[in-house]
Amino acid sequence: MENFTPYSAFLGGSLIGLAAALLMYFNGRIAGISGMIAGVFDVKNHENHWRLFFLGGLILAAMIFNLFAPHSPVTYSRSTFLLIISGILVGYGTRLGSGCTSGHAVCGMARLSKRSIVATLIFMSVAILTVFITRHLLGISS
Amino acid sequence: MTKNFAALFCGILFGLGLTISQMSNPDKVLSFLDISGNWDPSLAFVMAGALMTLGALQHFIFKREKPIYDSQFHLPNKNNGIDKRLILGAIIFGFGWGISGFCPGAVLAAFGDGRIEPFLFTLSLGAGMMLFRLLQKEK
């Protein structure tokens, strides 16, 4: 428990919730990141610019924060091969399931959408199971 | 244009939230998912903060007939049924997320750290999405 950071986690989470609320208030859009990323690649759709602006703002804010604010170092314990496999699965799975952590677990759950509650329960359980198998049964720490 | 600037502002808040909460740190996410190991429950507070804030605010937002800069709220019908696609998609996503600790928003926030891993993951993520689109077209 030495890395337990409930206050910064709660503050960060509240900012995420505020951002999602404002996007709905201003533009009437759900702050689902996997959908936005997929939408950016949809070149035929001209309604797409707001997605680029949102994602650009997200990346920019994180970069500036990392430059100026003190923060714990980001660490990666997975190999390049596993990272690529994981990326493909996350990309495919979030399209097939119509959402990820932001769209389902934050926006959908807040609206009490049945689909999002089911999706969130499933992907959380599968992710927990995956970590259990990789870390404790297979002993893959890298 | 106002729509784009509103989106930019929201994106900035969202990125700050991901970074401050350390959702963008994959090892922190894996420690949250590792309930039988040296469990770090911090990220449950991210979800609590997000759901409480959004839940409270949307109570007022949805009293409006429409958003400020659009003619309607773009919402999926929340009474849509639970189908095989949703379940299978969530399983595949959960599997991928559990392998690396990266989800689509968090990985973009991790770009700020200046390492190669987030770019590599994002490219693979795009490949997975394109694979999905190709397979959909064949059907």
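Reader: Which residues touch the most other members of the largest nonpolar core?
Author: This is a predicted model, so keep that in mind. The largest nonpolar core has 85 residues. Those that touch the most other members are A:A19, A:A20, A:L23, A:V106, A:F123, B:C10 and B:A106.

Reader: And which helix gives the most to this core?
Author: That is α1(A), with 13 residues.

Reader: B:C10 was on your list. What does B:C10 touch?
Author: Leaving out residues up to four places away in sequence, B:C10 touches A:A19, A:L22, A:L23, A:A31 and A:F54.

Reader: OK, the contact between the chains. How many residues does each chain put in?
Author: Chain A puts in 98 residues, and chain B puts in 98 residues.

Reader: Which elements of chain B give two or more residues to that side?
Author: They are α1 (2-21), α2 (26-33), α3 (42-61), α4 (84-100), α5 (104-109) and α6 (117-138) of chain B. The largest share, 18 residues, comes from α1(B).

Reader: How do the residues on chain B's side divide into nonpolar, polar and charged?
Author: On the side of chain B that touches chain A, 58 are nonpolar, 30 are polar and 10 are charged.

Reader: Back up a bit. How many helices and strands are in chain A?
Author: Chain A has six helices and zero strands. Along the sequence the pattern is α-α-α-α-α-α.

Reader: What about chain B, how many helices and strands there?
Author: Chain B comes to six helices and zero strands. From the N terminus on, its elements run α-α-α-α-α-α.

Reader: What box do the C-alpha atoms of chain A fill?
Author: Roughly 45 × 40 × 30 Å, taken along the principal axes. For chain B, the C-alpha trace spans about 45 × 40 × 30 Å along its principal axes.

Reader: And what share of each chain counts as buried?
Author: In chain A, 57% of the 142 residues count as buried. In chain B, 49% of the 139 residues do.

Reader: Let's zoom in on α2(A). Why is that helix largely enclosed?
Author: Helix α2 of chain A covers residues 33-40, and six of its eight residues are buried, so the rest of the structure largely encloses it. The buried ones are A:I33, A:S34, A:G35, A:M36, A:I37 and A:A38.

Reader: What do they pack against?
Author: Within chain A, the buried residues of α2(A) pack against α3 (49-68), α4 and α5. From chain B, α5 and α6 join in.

Reader: Now α6(A). What span should that helix have, and how far apart are its ends?
Author: Helix α6 of chain A has 24 residues, 114-137. At 1.5 Å a residue they should span 34 Å, and the end C-alpha atoms are 33 Å apart, so the two agree.

Reader: Which of its residues are buried?
Author: Among them are A:R115, A:I122, A:F123, A:V126 and A:R135. The buried residues of α6(A) pack against α5 of chain A, and also against α2 and α4 of chain B.

Reader: What comes just after α6(A)?
Author: A:G139, which takes a positive phi of about 70 degrees.

Reader: Which residues other than glycine have a positive phi?
Author: Take A:S98, with a positive phi of about 55 degrees. B:Q22 is another, with phi near 70 degrees. Most residues other than glycine have a negative phi.

Reader: Where is A:S98 found, and is it buried or exposed?
Author: A:S98 is in the loop between α4 (80-96) and α5 (101-110) of chain A. It counts as buried because it has 21 C-beta neighbours inside 10 Å, and the cut-off is 20 or more.

Reader: Last thing. What ipTM and pTM does the predictor give the complex?
Author: An ipTM of 0.95 and a pTM of 0.95. For chain B, the mean pLDDT is 93, and 99% of its residues reach 70 or more.

Technical notes:
Residues are numbered from 1 along each chain as its sequence is written. Chains are lettered from A and ligands numbered from 1 in the order in which they are written. This is a predicted model: local features need pLDDT of at least 70, side-chain atom pairs count only at pLDDT 80 or more; totals for chains, interfaces and linings use all residues. Two residues are in contact if their C-beta atoms, placed from the backbone, lie within 7 Å. Helices (H or I, at least four residues) and strands (E, at least two) are DSSP runs, numbered from the N terminus. Ala, Val, Leu, Ile, Met, Phe, Trp, Tyr, Cys and Pro count as nonpolar, Asp, Glu, Lys and Arg as charged, and the others, Gly among them, as polar. A residue is buried if 20 or more other C-beta atoms lie within 10 Å of its own, exposed if 12 or fewer, and partly exposed in between; C-beta atoms are placed from the backbone. A nonpolar core is a set of buried Ala, Val, Leu, Ile, Met, Phe, Trp, Tyr and Cys residues joined through C-beta atoms within 7 Å. pLDDT is the predictor's confidence in each residue, from 0 to 100. The expected span of a helix is 1.5 Å times one less than its number of residues.
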